[in-house]
Amino acid sequence: MTVCLDEMGPEAAKSHPGRTLVHPADGQHPAERAKQEADYGRRGKGYVFGAFCPASGEALTAPYTSRSTANWVDFLEKVDAWLPSAAQRVYAIQDNLSTHRATDVLLFALAHPRWEFVFQPKYAAYLNLIEPWWKVLRSLALKGRRFESWLDICQAVQDATAYWNAHRHPFIWGRRRRHHPRRRGGVGLVPQVA
C-alpha cells in the first residue's frame with residue numbers, strides 16, 4: 001500500500017481570497033473580482049499534516065501548532081492506526097525535510113516493520129501526489145473564507161477532509177479530471193493516406 005505524507009503550512013487565521021466575480025463582463029466593462037483589504041492574520045497559525053492514498057483517494061489530516069519531530073511521529077502513529085491492518089507493506093512517500101529523517105522517525109520505522117520510507121528527490125515535489133491534493137483541500141476548506149482563530153481553520157480542514165472522503169476518487173499522476181465531451185465519429189482524427 002502506498003501513502004503520500006506531507007505538511008501544509010504554516011496556515012494563518014486570516015482572509016483567504018476567493019474567485020467569485022463581483023460584476024461579470026457585460027460587453028462594456030470587464031469582469032471584476034472580489035476585493036478585500038489586506039489581512040495579515042495575526043490570530044493564530046499552525047500546520048496541517050496529511051496522509052493521502054492515491055489508489056483509493058482516501059485522506060487523513062491532523063492539525064498541529066508546530067512542525068516538530070514529536071508532532072510528526074505522533075502523526076505517523078495516527079496514520080498507522082488509520083491504515084488497514086491487513087496491509088503487509090506500507091510505502092510512505094515523503095520529502096527530505098529534516099524532521100522526516102530524525103532519529104525518532106527511524107525508531108518509529110524500527111517499531112513498525114511494515115513501514116518503508118521513500119524519499120522523493122529534492123526539487124521534485126510533483127512526484128508526491130499529496131501536493132495536488134493540497135490544492136484541492138485549500139479550495140474546499142480555505143478559499144473565500146475569513147478565519148478568526150486557528151481552531152476555525154482546524155474545523156474547516158476537518159470538514160473539507162470529511163467531504164473529500166465522502167466523494168473521493170483515485171488520483172492518477174499526470175491526468176486531470178476535466179469534464180470535456182468525448183470526440184465521436186472521427187472528428188479530430190488524422191486522415192489515412194491510401
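Reply: What follows goes from the overall fold to single residues.

Me: What kind of model is this, and how are residues numbered?
Reply: This is a predicted model, where local features need pLDDT of at least 70, side-chain atom pairs count only at pLDDT 80 or more, and totals for chains, interfaces and linings use all residues. Residues are numbered from 1 along each chain as its sequence is written, and side-chain values use heavy atoms, with hydrogens and water left out.

Me: What is the mean pLDDT of the chain?
Reply: The mean is 84, and 78% of the residues reach 70 or more. pLDDT is the predictor's confidence in each residue, from 0 to 100.

Me: Where is confidence lowest, and where is it highest?
Reply: Strand β2 (residues 21–23) is lowest, with a mean of 57, and strand β5 (residues 58–64) is highest, at 97.

Me: How many helices and strands does the chain have?
Reply: Four helices and seven strands. Along the sequence the pattern is β-β-β-β-β-α-β-α-β-α-α. Helices (H or I, at least four residues) and strands (E, at least two) are DSSP runs, numbered from the N terminus.

Me: How much of the chain is buried?
Reply: Buried residues make up 37% of the 194 residues. Buried means under 20% relative accessible area, exposed means over 50%, and partly exposed is in between (1.4 Å probe, protein chains only).

Me: Let's take α1. Which of its residues are buried?
Reply: Thr69, Asn71, Trp72, Val73, Phe75, Leu76, Val79 and Asp80. Their cover includes β1 (2–12), β4, β5, β6 (90–94), α2 (103–111) and β7 (115–119).

Me: How many residues does α1 have, and how far does it reach?
Reply: α1 has 14 residues and reaches 20 Å from its first C-alpha to its last, close to the 20 Å expected at 1.5 Å a residue. The expected span is 1.5 Å times one less than the number of residues.

Me: What does Asp80 touch?
Reply: Leaving out residues up to four places away in sequence, Asp80 touches Phe108, His112, Arg114 and Trp115. Contact means heavy atoms within 4.5 Å. Asp80 is in helix α1, and its relative accessible area is 16%, so Asp80 counts as buried. The side chains of Asp80 and Arg114 are joined by a polar contact of 3.0 Å. A polar contact is a pair of N or O atoms within 3.5 Å; within protein, one must be able to donate a hydrogen and the other to accept it, and residues adjacent in sequence count only if both atoms are side-chain atoms.

Me: New topic: how many aromatic pairs are there?
Reply: The structure holds 12. One of them is Phe49 with Phe75, edge-to-face at 5.7 Å centre to centre and 80° between the planes. Phe49 lies in strand β4 (residues 45–53) and Phe75 in helix α1 (residues 69–82), so this pair ties together parts that are 26 residues apart in sequence.

Me: Are those two buried or exposed?
Reply: Phe49 and Phe75 are buried. Another pair, Trp115 and Phe117, is tilted, with 5.9 Å centre to centre and 40° between the planes. Rings of Phe, Tyr and Trp (its six-membered ring) pair if their centres lie within 6.5 Å; planes under 30 degrees apart count as stacked, over 60 as edge-to-face and the rest as tilted.

Me: Which residues touch the most other members of the largest nonpolar core?
Reply: Phe52, Trp133, Trp134, Leu137 and Ile153, in a core of 23 residues. α4 gives the most to this core, with seven residues. A second, separate core of 21 residues includes Tyr47, Ala62, Phe108 and Phe117. A nonpolar core is a set of buried Ala, Val, Leu, Ile, Met, Phe, Trp, Tyr and Cys residues joined through side-chain atoms within 4.5 Å.

Me: Which residues form an aromatic cluster with Phe52?
Reply: Trp133, Trp134, Trp164 and Phe171 are in one aromatic cluster with Phe52.

Me: What about the backbone: which residues does a cis peptide bond join?
Reply: Gly9 and Pro10, with omega about 10°. Pro10 lies in strand β1. Tyr123 has a positive phi of about 60° although it is not a glycine. Most residues other than glycine have a negative phi, and most peptide bonds are trans.

Me: Where is Tyr123?
Reply: Tyr123 is in the loop between β7 and α3, and at 83% relative accessibility Tyr123 counts as exposed.
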